[in-house]
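Thank you all for coming; I would like to take you slowly through one structure this morning.

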Amino acid sequence: MLALIIFSFVLPIDYFITFSSFCQFGAIIFLFVEAVLLIDLAYTWNEKWIAMYDNAEGGSELFWKIVILVCTFLCYFAGFWIAFHLYSTFPGSGHKFLVTLTIL
């Protein structure tokens, strides 16, 4: 491991430029896969909770309805809070465009 660290100091700068381009491409693919997995998790979670609500008996229907609504509102609140935080943390016209694009 130490040899690899020492060897990285003698590599030419062109190697790092090429490696940077490769890493940017890999990061795009990683973010796309993570977004797909997050959306799949949300749909699976929703289907399970709706099935619990549909199969509920007695007073537990109301419980599942309240749980679904509370989680929905918490997720919306978290999204709006994150958007506000991004707008206040990164002021400037260029950053506002990127934050808006990220939210959409």
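This is a predicted model: local features need pLDDT of at least 70, side-chain atom pairs count only at pLDDT 80 or more; totals for chains, interfaces and linings use all residues.

Residues are numbered from 1 along each chain as its sequence is written, and side-chain values use heavy atoms, with hydrogens and water left out.

Let us start with the chain as a whole. The protein chain has four helices and zero strands, and from the N terminus on its elements run α-α-α-α. Both kinds of element are DSSP runs numbered from the N terminus, where a helix is H or I over at least four residues and a strand is E over at least two.

How does the radius of gyration of the protein chain stand against that of a compact globule of 104 residues? The globule would have a value near 13 Å, but the protein chain has 23 Å; this radius is taken over C-alpha atoms, and the globule rule is 2.2 Å times the number of residues to the power 0.38. Along its principal axes, the C-alpha trace spans about 70 × 40 × 20 Å.

Of the 104 residues, 6% count as buried, and here buried means under 20% relative accessible area, exposed means over 50%, and partly exposed is in between, with a 1.4 Å probe and protein chains only. The chain exposes about 9,300 Å², of which carbon and sulfur atoms supply 77%; such areas come from the Shrake-Rupley method with a 1.4 Å probe, and for residues only the protein chains shown count as cover.

Now to the pockets. On a 1 Å grid over the protein atoms alone, a pocket is an open set of points where a 1.4 Å probe fits, with protein on both sides within 12 Å along at least five of seven lines, and lining residues have an atom within 4 Å of a point. Grid points are joined across faces, edges and corners, and a volume is the space filled by probe spheres set on the points.

The largest pocket has a volume of about 410 Å³. Helices α2 (13-55) and α3 (60-89) each supply at least two residues of its lining, and α2 gives the most, with seven residues. By class, this lining has 10 nonpolar, two polar and no charged residues, where Ala, Val, Leu, Ile, Met, Phe, Trp, Tyr, Cys and Pro count as nonpolar, Asp, Glu, Lys and Arg as charged, and the others, Gly among them, as polar.

Among the lining residues of the largest pocket are Asn 46 and Thr 72. Asn 46 lies in helix α2 and, at 39% relative accessibility, counts as partly exposed. Thr 72 lies in helix α3 and is also partly exposed, at 33%; its C-alpha is 15 Å from that of Ile 82, 10 residues away in sequence.

The second largest pocket holds about 300 Å³ of space, and its lining includes Cys 75, Ile 82 and Thr 102. The elements that give it two or more residues are α3 and α4 (93-103), with the largest share, eight residues, coming from α3.

Finally, which cysteine sulfur is nearest to that of Cys 75? It is that of Cys 71, 6.4 Å away, and Cys 75 is in no disulfide, a disulfide being a pair of cysteine sulfur atoms within 2.5 Å. Cys 75 counts as exposed, at 53% relative accessibility, whereas Cys 23 is partly exposed, at 35%.
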